[in-house]
Amino acid sequence: MFTGIIEELGTVESLDLLDGDAARLTIRGPKVTEDAGHGDSIAVNGCCLTVVEHGEDTFTADVMQETLRRTGLGSLEKGSHVNLERAVAAHARLGGHIVQGHVDGTGTIASRTPSEHWEDVRVATTPEILRYVAEKGSIAVDGVSLTVTDVDDATGTFGVSLIPTTLELTVLGRNQVGDTVNLEVDVIAKYVERLIKGGTK
């Protein structure tokens with residue numbers, strides 16, 4: 001489990017596609033690898049990956065087809081910046097919200113509107129994801145825990161506001177209009193919907 005509070009901005013060392021249905025991803029991140037071990041979980045742009053190899057300042061993870069299909073990890077290149085967060089320790093503060101690292105799908109940066117002390121960002125996504133997004137609810141965008149400022153069903157977008165720290169220390173400060181971002185909705189909304197439906201389709 002994660003909190004959506006990014007620990008470090010990492011750099012992609014390599015992304016090797018394996019027979020088109022999997023990939024091996026190596027990332028440089030001195031902070032998250034300082035105590036990394038084989039089998040540990042590290043969220044990369046909000047996607048929970050398992051460490052299979054680690055060295056000085058780097059770790060490697062296998063990325064399966066389902067992950068490549070649901071996330072933007074397959075479009076990463078050598079030198080790409082990524083948000084990194086280690087799994088939360090049981091004794092740590094939950095500074096953001098409960099983030100599983102199970103990405104539901106992707107969105108696209110639709111617009112960015114800077115102001116004096118923050119920046120408003122609109123994200124476009126599919127109706128299947130937008131149905132779980134609620135004003136003042138929580139959402140993870142590329143692994144960053146954010147509060148939804150509003151939802152516009154007519155345009156298929158939702159808004160978030162980014163403070164200077166988020167702009168400086170995460171990839172959200174570097175993303176441009178048109179860029180793809182990973183989205184994870186609040187898991188409680190999914191469970192509530194399933195319970196209301198009686199657990200079957």
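This is a predicted model: local features need pLDDT of at least 70, side-chain atom pairs count only at pLDDT 80 or more; totals for chains, interfaces and linings use all residues.
1. Methionine 1 lies in the segment before S1. Its relative accessibility is 48%, so methionine 1 counts as partly exposed.

2. Next, the barrel. Six strands form a closed barrel, in the order S1-S2-S5-S4-S3-S6. The pairing is antiparallel. On average, neighbouring strands of this sheet are turned by 45° against each other, direction ignored. As background, strands of a sheet pair through backbone hydrogen bonds, either parallel or antiparallel.

3. Look at one pair in that barrel. Strand S1 covers residues 8-18, and strand S2 covers residues 22-28. Seven bridges link S1 and S2 in the antiparallel sense.

4. Now the cysteines. How many disulfides does a search of the whole structure find? The search finds zero. Cysteine 47 is in no disulfide; its nearest cysteine sulfur belongs to cysteine 48, 7.1 Å away. Cysteine 48 is likewise in no disulfide, with the sulfur of cysteine 47 as the nearest, at 7.1 Å. The cut-off for a disulfide is a pair of cysteine sulfur atoms within 2.5 Å. In general terms, a disulfide is a covalent bond between the sulfur atoms of two cysteines.

5. Is cysteine 47 buried or exposed? Cysteine 47 has 5% relative accessibility and therefore counts as buried. Cysteine 48 has 27% relative accessibility, so it counts as partly exposed. The cut-offs behind these labels are under 20% for buried and over 50% for exposed, with partly exposed in between.

6. Strand S12 deserves a look of its own. S12 spans residues 180-185 and is mostly covered. Five of its six residues are buried.

7. Which strands pair with S12? One of them is strand S7, residues 105-114. S7 and S12 run antiparallel and share four bridges. Within this pair, threonine 106 has asparagine 182 in S12 as its bridge partner.

8. Strand S9, residues 138-141, also pairs with S12. Three bridges join S9 and S12, again in the antiparallel sense. Here alanine 140 stands opposite glutamate 184 in S12. S12 therefore has bridges to S7 and to S9, where two strands count as paired if at least two bridges are found between them.

Key. Residues are numbered from 1 along each chain as its sequence is written. Side-chain values use heavy atoms; hydrogens and water are left out. Helices (H or I, at least four residues) and strands (E, at least two) are DSSP runs, numbered from the N terminus. Axes are lines fitted to C-alpha atoms, for helices over the stretch in contact, and angles run from 0 to 180 degrees between N-to-C directions. Buried means under 20% relative accessible area, exposed over 50%, partly exposed in between (1.4 Å probe, protein chains only).
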